[in-house]
Structure formats: structure tokens, C-alpha cells
Amino acid sequence: MLTIPASKDRAVRQEISCLNWPDKFPYKPLVSFSAWHDGGTLHLSFEVSEQSVRAEEATAGNAVFRDSCVEFFIKPDAGDPHYYNFEWNAIGTLYLAWRTGRKDPENAPAEVLSKVKAVSSLGNAPFSERKEQTSWRLDIDIPAEALWHQGLSSWSGLHASANLYKCGDSLSVPHYVTWAPIATENPDYHRPEFFVPVDFE
């Protein structure tokens, strides 16, 4: 259970540290996040330290998971199988879709993508893999309207389920770490049955 407070002062930083597939992908970067909301906007802050970093994708809506990537998957309605997958690379390029599983995305329209803001400590210019220990921070603002199928105007009082992730599919050392554990044979973040309840104050 995660409670997202309606005050920045009460936001608690948590680690994204579950190494679910250690035999195949043993590398674990240091990753943490904090979250709070002010009603209309959810504020996420990711902090990452990893042995190499890549951010080649600069176009919103494209496949950022190949880069150094942090992700927030949220299922806002327990009675609806759909969830939203927010994914950002290390320079804040966003991919967002509404789906019930890996193979059925409805990609977010451009006007929705433009409402989600992200600021990276690494700037916003794309770069190929830098094979050196790097620490970076990504601060994100997600308006309630970004859940475009829900018709929300506020995060307040929302009872949802979610998981958060870090990956780097095309790095020289691929890695997959999660906040809540996932019990699958191979890495698969599109498994809402492993989401954890999240309550917004």
C-alpha cells in the first residue's frame, strides 16, 4: 500500500529495488522516487545512479524503454482492466499509452503528451550511451487530465493500483528493477495483477 500525500512536506522517498530476475539480469542501479499531489497535479521525483546512461530518444510517443528509463504504471479503476503506462527516459522524453496488456496500446494523443512536464538534471538534448557512473534526477508533473479516459480533474481521493520501474533495454548492461515485486519468468512490466494499492489523500 502506498499513500500519496497532499503535501510535499510529507512525501516519503522509497527505493525501487526489487531484482526479480537476478539470474538473467543481476545488475541493480540505485533508484528511488517520491510522490505527492496538490489536487490537480501529481508530482513524481526519481533519483537514479547507474553505471552507464543513455538517452537517444527525443520524440514524445516513441520507444523510450531502450534508453535509461523510469516508469509509472497506474490502474485507476479496479473494475476496469485498463491501465496507463507512463515511461520517461533520462532526458524526460515521454511515452504514454492506455491499455489492458503489452500488445494492445492506445497511444496518448499529442495534446495529452504535451500536458505532462518533466525536467531532467541531464538536460533535454539526446545522447548515446555514456559508460560511466552517472547520477541523475527527473522531476515530473502529471495533471489529472493526463488520464484522458477517466475524465478526472483532481487526484484527490483516488483509489488506484500501481507499480514503478527502472529499465534500460538497450544499454550495454540491460537491467530491470521494480518497486513492487513481479513473479514472472522473464521481465514483464505489463502485469497489472502485481500492482499495489495506491491511495491519494
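Biologist: Which element gives the most to the lining of the second largest pocket?
Modeller: In this predicted model, the second largest pocket has a volume of about 170 Å³. At least two lining residues come from each of β3 (30–37), β4 (41–50) and β12 (134–143). With 4 residues, the element that gives the most is β12.

Biologist: How many charged residues does the lining of the second largest pocket have?
Modeller: The residues that line this pocket include Lys8, Arg13, Arg137, Asp139 and Asp141. Also among them are Ser34, Trp36, His43 and Leu44. By class, the lining has 3 nonpolar and 3 polar residues, and the number of charged ones is 5.

Biologist: Which elements give two or more residues to the lining of the largest pocket?
Modeller: The largest pocket holds about 290 Å³ of space. It is lined by 17 residues, of which Phe65, Glu71, Glu87, Arg102 and His190 are the closest to its centre. The elements that supply two or more are β7 (83–89) and β8 (94–99).

Biologist: What is the volume of the largest cavity?
Modeller: The count comes to 1 cavity of 30 Å³ or more. Its lining is made up of Leu2, Ile4, Phe33, Ala35, Leu44, Phe72, Ala162, Leu164 and Val198. Two or more of these residues come from each of β1, β3 and β13 (159–167). The volume of the largest cavity is about 40 Å³.

Biologist: How many residues in the lining of the largest cavity are nonpolar?
Modeller: Leu, Ile, Phe, Ala and Val count as nonpolar. The lining names Leu2, Ile4, Phe33, Ala35 and Val198, among others. It has no polar and no charged residues, and the nonpolar ones number 9.

Biologist: Is arginine 10 buried, partly exposed or exposed?
Modeller: Arginine 10 lies in the loop between β1 (2–4) and β2 (14–15). Buried means under 20% relative accessible area and exposed means over 50%. Because its relative accessible area is 45%, arginine 10 is partly exposed.

Biologist: Which residues does arginine 10 touch, not counting those up to four places away in sequence?
Modeller: Arginine 10 and tryptophan 36 are 26 residues apart in sequence, with their C-alpha atoms 7.9 Å apart in space. Contact means heavy atoms within 4.5 Å. Leaving out residues up to four places away in sequence, arginine 10 touches Pro5 and Glu201.

Key
Residues numbered from 1 in each chain as written. Predicted model: local features only at pLDDT ≥ 70, side-chain atom pairs only at ≥ 80, totals over all residues. Heavy atoms only, no water. 1 Å grid on protein atoms, 1.4 Å probe; cavity = no way out; pocket = protein on both sides within 12 Å on 5 of 7 lines; lining within 4 Å. Points joined across faces, edges and corners; volume = space filled by probe spheres on them. Buried < 20%, exposed > 50% of the residue type's maximum accessible area, 1.4 Å probe, protein only.
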